[in-house]
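Please keep the sequence and the structure in view while reading.

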Amino acid sequence: MARPKRQEERRSQLVAAAQRAIAAHGPDGARLNRVAEEAGLTSGAVLYYYPDIDELMFEANRAGMERFYEGRVRMLEGLPDDPVVRLLALAKSGLPSGPGDTEVRLLCELGGSAGRNPLMASLLTTLFDRQVGMYQVVLEQGAARGIFALAQPSLVIARNLVALEDAYGYRIIAEHPTIDHAAALELIVANARLATGHALTAS
């Protein structure tokens with residue numbers, strides 16, 4: 001029997017393998033044998049750690065989403081109490097690093113399946129709303145301190161910023177020839193400048 005620490009490490013490796021399988025084959029094509037192939041294990045070994053393959057898929061999806069909410073909350077906690085710095089950091093951290101960003105490819109695949117999978121639709125809706133809430137807090141803090149002059153309600157601005165992250169993130173994954181991470185970030189920040197009435201340049 002695997003020791004607890006070893007078992008936890010193996011389960012984490014299987015979650016990562018499931019993420020890769022979903023990104024490569026889509027949620028419907030990421031079957032047990034493909035997860036096993038990604039992990040370099042037999043199907044039986046995968047089932048030893050995850051007897052319920054649906055639990056593994058749920059963990060893979062949840063872990064992929066954690067980066068864009070829990071991870072960004074932790075990032076904000078480590079930043080100065082400056083709405084400009086925090087808004088720019090949110091915009092930057094909401095985009096894929098490049099076309100090979102596995103976690104964003106995973107989210108793109110999940111988005112495509114949401115119309116036929118109520119659980120995926122619910123997870124993605126929750127993720128979107130939580131990200132909107134993060135932006136709202138930063139926007140409202142900036143407005144309350146006279147740093148931002150919001151052109152619209154914070155909810156409207158925040159929803160648009162998260163939607164732009166999703167849209168430009170997809171373009172990066174699809175390898176648009178003129179939209180890489182830097183270009184997408186500047187496009188999002190340009191929108192945020194109009195919405196906040198602030199130049200949004202790092203000090």
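**From the chain to its helix contacts**

Among the contacts in the chain with a separation of 6 or more, 67% are between residues 24 or more positions apart. The model is a predicted one, and every value given here is computed from it.

The secondary structure is quickly described: the chain has 10 helices and zero strands. Read along the sequence, this gives the pattern α-α-α-α-α-α-α-α-α-α. The C-alpha trace spans about 60 × 35 × 30 Å along its principal axes. The chain has 203 residues, and 39% of them count as buried. Its accessible surface comes to about 10,500 Å². Carbon and sulfur atoms account for 53% of that surface.

Two helix pairs can now be followed in turn, and helix α8 takes part in both.

Start with helix α6, residues 83-93, and helix α8, residues 118-144. Their axes come within 9 Å and cross at roughly 155°. Angles over 145 degrees count as roughly antiparallel. That makes α6 roughly antiparallel to α8. The crossing in which α6 passes α8 is left-handed. Which residues of α6 and α8 meet? From α6 come Pro83, Arg86, Leu87, Leu90 and Ala91. On the side of α8, these residues meet Met134, Tyr135, Val138, Leu139, Gln141 and Gly142. Sorted by class, the contact of α6 with α8 has eight nonpolar, two polar and one charged residues.

The second pair is helix α5, residues 70-77, and α8. Here the axes are 10 Å apart, and the helices pack at an angle of about 15°. Since angles under 35 degrees count as roughly parallel, α5 and α8 are therefore roughly parallel to each other. The crossing of α5 and α8 is left-handed. On the α5 side the contact is made by Glu70, Arg72, Val73 and Leu76. The residues of α8 in this contact are Arg130, Gln131, Met134 and Tyr135. By class, the contact of α5 with α8 has four nonpolar, one polar and three charged residues.

Helix α6 is roughly antiparallel to α8, whereas α5 is roughly parallel to α8.

Terms used: Residues numbered from 1 in each chain as written. Predicted model: local features only at pLDDT ≥ 70, side-chain atom pairs only at ≥ 80, totals over all residues. Heavy atoms only, no water. Axes fitted to C-alpha atoms, helices over the stretch in contact; angles between N-to-C directions. Helix = DSSP H or I, 4+ residues; strand = E, 2+ residues; numbered from the N terminus. Parallel < 35°, antiparallel > 145°, perpendicular 65-115°, else oblique. Left-handed = near helix turned anticlockwise from the far one by under 90°. Contact = heavy atoms within 4.5 Å. Nonpolar A, V, L, I, M, F, W, Y, C, P; charged D, E, K, R; others polar. Buried < 20%, exposed > 50% of the residue type's maximum accessible area, 1.4 Å probe, protein only. Areas by Shrake-Rupley, 256 points an atom, 1.4 Å probe, with all protein chains shown as cover.
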